[in-house]
Amino acid sequence: MADDFEFSDKVPPSFDRAGSQGFNPGLIVLLVVGGLLLTFLIGNYVLYSYAQKTLPPRKKKPVSKKKMKKEKLKQGVSAPGE
């Protein structure tokens, strides 16, 4: 037979002794960036939930008298004092 040599002869040298060569640099970058993104998102969620519990509700901006008149005229109610 022509296939006398072993399977280890066919394997490229980069796949020999997998693990002893270290990690793929692209994989390390992907893991670091993914970890940072995940940490950022989790941190945002924690801060948001903490703020929802502790901070008082936001006050609405006071509506000007001019805007109140316009709104009442749109609704068909005469503004007070007219």
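Analyst: Helices (H or I, at least four residues) and strands (E, at least two) are DSSP runs, numbered from the N terminus. Just after helix α3, G76 takes a positive phi of about 90°. This is a predicted model, in which local features need pLDDT of at least 70 and side-chain atom pairs count only at pLDDT 80 or more, while totals for chains, interfaces and linings use all residues. Residues are numbered from 1 along each chain as its sequence is written, and side-chain values use heavy atoms, with hydrogens and water left out.

User: How many helices and strands does the protein chain have?

Analyst: The protein chain has 3 helices and 0 strands, and its pattern along the sequence is α-α-α.

User: Why is K74 called exposed?

Analyst: Exposed means over 50% relative accessible area, buried under 20%, and partly exposed in between (1.4 Å probe, protein chains only). K74 has a relative accessible area of 68%, so K74 is exposed. The residue is located in helix α3.

User: What makes L27 partly exposed?

Analyst: L27 counts as partly exposed because its relative accessibility is 37%. L27 belongs to helix α2, residues 25-54.

User: Why does helix α3 lie largely in the open?

Analyst: Helix α3 spans residues 65-75, and of these 11 residues the number buried is 0, so the helix lies largely in the open. In the protein chain, 1% of the 82 residues count as buried.

User: Where is confidence lowest and where is it highest in the protein chain?

Analyst: The score is pLDDT, the predictor's confidence in each residue, from 0 to 100. Confidence is lowest in helix α1 (residues 7-10), with a mean of 62, and highest in α2, at 96. The average pLDDT of the protein chain is 79, and 67% of the residues score at least 70.
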